[in-house]
Amino acid sequence: MTDSVVDCKTEVKQATKYVKETENVAEKYSALTVSKNSSDVNMNVGEMPSAAFTAVPTLKSVKKIQFANMEDKQEFSKYPTKAGRRSLSRSVSQSSTDSYSSAASYTDSSDDETSPRDKTQVNSHGSSDFCVKNIKQAEFGRREIEIAEQDMSALISLRKRAQGEKPLAGSNIVGCTHITAQTAVLIETLVALGAQCRWTACNIYSTQNEVAAALAETGVPVFAWKGESEDDFWWCIDRCVNMDGWQANMILDDGGDLTHWVYKKYPSVFKKVRGIVEESVTGVHRLYQLSKAGKLCVPAMNVNDSVTKQKFDNLYCCRESILDGLKRTTDIMFGGKQVVVCGYGEVGKGCCTALKALGAIVCVTEIDPICALQACMDGFRVVKLSEVIRQMDVVITCTGNKNVVTREQLDRMKNGCIVCNMGHSNTEIDVVMCASVTVAHLQHMSGSFNLKLQYSSSLKVSNLEI
Ligand SMILES: NC(=O)c1ccc[n+]([C@@H]2O[C@H](COP(=O)([O-])OP(=O)(O)OC[C@H]3O[C@@H](n4cnc5c(N)ncnc54)[C@H](O)[C@@H]3O)[C@@H](O)[C@H]2O)c1
């Protein structure tokens, strides 16, 4: 008994010593960052003092801050919407960005650093009308597409039902979606039915490079790769639309960026478009805005009006992807964790169900009384974010709204709180703020070196480790 008490005391002493040492190094490091100007704060991991790395493991995450130089505007950097994503991409660890399908062994590491825009690639048919990471990955991508086909019987039976007829002949479809094996099955079905397609990615992280290569190999002009910059994103959209001898007459969009690019840059093409299909709630809002202003001269379909989209993508898919995303980026247990989910729509319902099943203590914020009542009836406490923010371990936004988590609320969160966006883009959480403050400031406001902000969207998750 006495021995164990002594052991405990020794352990406590050692722990206290370690904490003090940690604080000392932390203080030194803090002084270092304060004394430097803001451009120094943006230094690379490799440029940081190595002593701080070895002495305080948590400082590693501090050093990972490498905000994008948001002043580096280039020709295509006209839209501010993805600036946050760009800045976040720099600090994503390799393991967290590796999707289940982007097997490293298929990536030609020798040209990893070369931008696909600077490479000349040709597929086996002699066409170079595409821009992907590495066309040599096509065979692997093809196998992934074949596996996806097995789970997508509706589209495959559509192909069979057409029996060689081309009901979509004359359709020139320009698409901007996540480029995954499942999207490839859709694109190839459209082509099998007679459409001509050109495709780009709606998200700079989510492209499966090998799938993009497989599509390019079969002759679909694809302009996308994983880890695009802001500039690349708009360049790819432009390459899709701006093609001599080919003009889009249909748009399939996820988020509204492609639609707005065509609307702004190619008004004559926009006028001739026969229809727009929009996947996301946010993209639909943008279309409504155009419509209200009397500028939407094209019929548009809201995919969310389809119950299969609403229930499967928003509810059931998010019920699965929230855990996948959080586990990949945080590696923490959720049992017993305090989680607040903002918004109890389809996405919010899926997230709440999944997190509750893991044993998390989930509460909900809502602005719609019916959805609030539904949350209540499903057994979730309905709260105001400002009232619970201090206690939460995880904050998840699923609203599609703006400024749901503000700078002031970020300041009040406890150390280590994980903040995650399931809604569209970076408007729900004030992530722009993260790119505008210095390391020293973040240290000050978190009171520690372990503040972690996680930013996730859809199945693919990017994170900002601070
Ligand atoms: N991550 C993904 O894979 C994925 C999939 C589908 C949809 N989405 C996106 O998720 C978002 C939500 O989609 P949804 O289908 O659940 O929409 P929805 O309209 O069904 O639900 C949104 C809910 O958020 C509530 N809300 C709005 N502002 C709020 C605020 N400030 N605080 C609290 N609650 C608020 C609304 O009252 C509504 O109940 C959209 O932006 C959509 O594009 C993401």
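Predicted model: local features only at pLDDT ≥ 70, side-chain atom pairs only at ≥ 80, totals over all residues.
Helix H15 gives the most to the shell around the ligand, with three residues. Residues are numbered from 1 along each chain as its sequence is written, and side-chain values use heavy atoms, leaving out hydrogens and water.

**Around the ligand**

- The ligand is surrounded by 23 residues (a heavy atom within 4 Å), and the closest are Asn314, Val347, Glu366, Asn401 and Met422.
- Helices H14 (281-292), H15 (307-330) and H16 (346-357) each supply at least two residues of this shell; helices here are DSSP runs of H or I with at least four residues, numbered from the N terminus.
- By type, the shell holds eight nonpolar, 11 polar and four charged residues; Ala, Val, Leu, Ile, Met, Phe, Trp, Tyr, Cys and Pro count as nonpolar, Asp, Glu, Lys and Arg as charged, and the others, Gly among them, as polar.

**Polar atoms facing the ligand**

- Asparagine 314 has a polar side-chain atom 2.6 Å from an oxygen atom of the ligand.
- For threonine 282, a polar side-chain atom lies 3.5 Å from a ligand oxygen atom.
- Methionine 422 takes part through its backbone, with a polar atom 2.8 Å from a nitrogen atom of the ligand.
- On its own the ligand has 850 Å² of accessible area, and the protein covers 84% of that (Shrake-Rupley method, 1.4 Å probe).

**H7 with H10**

- Helix H7 (residues 138-150) packs on helix H10 (residues 209-217) at an angle of about 100°, with the axes 7 Å apart.
- That angle makes H7 roughly perpendicular to H10 (65 to 115 degrees).

**H8 with H9**

- The axes of H8 (residues 153-162) and H9 (residues 181-192) come within 10 Å and cross at roughly 10°, so the two helices are roughly parallel (under 35 degrees).
- Leu155, Ile156, Leu158 and Arg159 in H8 meet Val185, Leu186, Glu188, Thr189 and Ala192 in H9.
- Six nonpolar, one polar and two charged residues make up the contact of H8 with H9.

Key:
Axes fitted to C-alpha atoms, helices over the stretch in contact; angles between N-to-C directions. Parallel < 35°, antiparallel > 145°, perpendicular 65-115°, else oblique. Polar contact = N/O pair within 3.5 Å; in protein donor to acceptor, adjacent residues only side chain to side chain. Contact = heavy atoms within 4.5 Å.
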